[in-house]
Amino acid sequence: MRKWFPIWLALLCLSITTEPVCAADDPPAAEKKLVHVYFADKSREHLSAEDRVVPDTGDPVDLGKQVIMALLQGPRGNLVGTIPGGTRLNALFIAGDGTGYIDLSKAVTENHPGGVRSEMMTIYSIVNSLVLNVEQIKTVKIMIDGGEAWTLAGHVDIRFPFPAEMLLIR
């Protein structure tokens, strides 16, 4: 005995399989967030913000990593980079007290040009970029290759967390 497939059912199946996928079925695009990344001005005396748009997953650690990656890429405009070339972000995490711990590769010290002002620009470009963009971060502790360091290049004590320094921003 042969079973006949009703034509209306065949047409229904054909129309279902050939229709384009509805836009509502597509996964949502990642949210974007405008952040202000701080680089040195031409005089290397102050920090100035450069706007960047980064993906925002809602995770403050991920946002912090995006901010640091933008900082490591350097400025796009007339500002001056503050982090030595070759520096990598090893890790970033946020403690319950609001301290952001950033672990950078040893290149941040080995390739640093030195000088008090240059060290301050490096430290506060990192600190201000994180504290002023990631609500959960109140202070920043800088670590080198997974351990504590006394200084980046011999002048500024980095053993303790830093709050943002608004007086350096112009």
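**Notebook: charged pairs and a helix**

I started with Arg 159, which counts as partly exposed because its relative accessibility is 28%. This is a predicted model, so I kept that in mind throughout. The side chain of Arg 159 meets that of Asp 157 in a salt bridge, 2.7 Å from N to O.

Next I searched the whole structure, and four salt bridges came up. One of them joins Glu 45 and Arg 117, at 3.7 Å from N to O. Where do these two sit? Glu 45 lies in the loop between strand E1 (31-40) and strand E2 (47-56), and Arg 117 in helix H4, so the pair ties together parts that are 72 residues apart in sequence. I noted Glu 45 as partly exposed at 37%, and Arg 117 as partly exposed at 30%.

Then I turned to Lys 141 and Glu 148, which form a salt bridge with their closest N and O atoms 3.7 Å apart. Are they buried or exposed? Glu 148 is exposed at 61% relative accessibility, whereas Lys 141 is buried at 3%.

Last, I went back to helix H4, residues 116-131. I found that H4 reaches 22 Å from its first C-alpha to its last, close to the 22 Å expected at 1.5 Å a residue. Twelve of its 16 residues are buried, so H4 is largely enclosed by the rest of the structure. Among the buried ones I listed Glu 119, Met 121, Tyr 124, Asn 128 and Val 131.

How values were computed:
Residues are numbered from 1 along each chain as its sequence is written. This is a predicted model: local features need pLDDT of at least 70, side-chain atom pairs count only at pLDDT 80 or more; totals for chains, interfaces and linings use all residues. Side-chain values use heavy atoms; hydrogens and water are left out. Helices (H or I, at least four residues) and strands (E, at least two) are DSSP runs, numbered from the N terminus. The expected span of a helix is 1.5 Å times one less than its number of residues. Buried means under 20% relative accessible area, exposed over 50%, partly exposed in between (1.4 Å probe, protein chains only).
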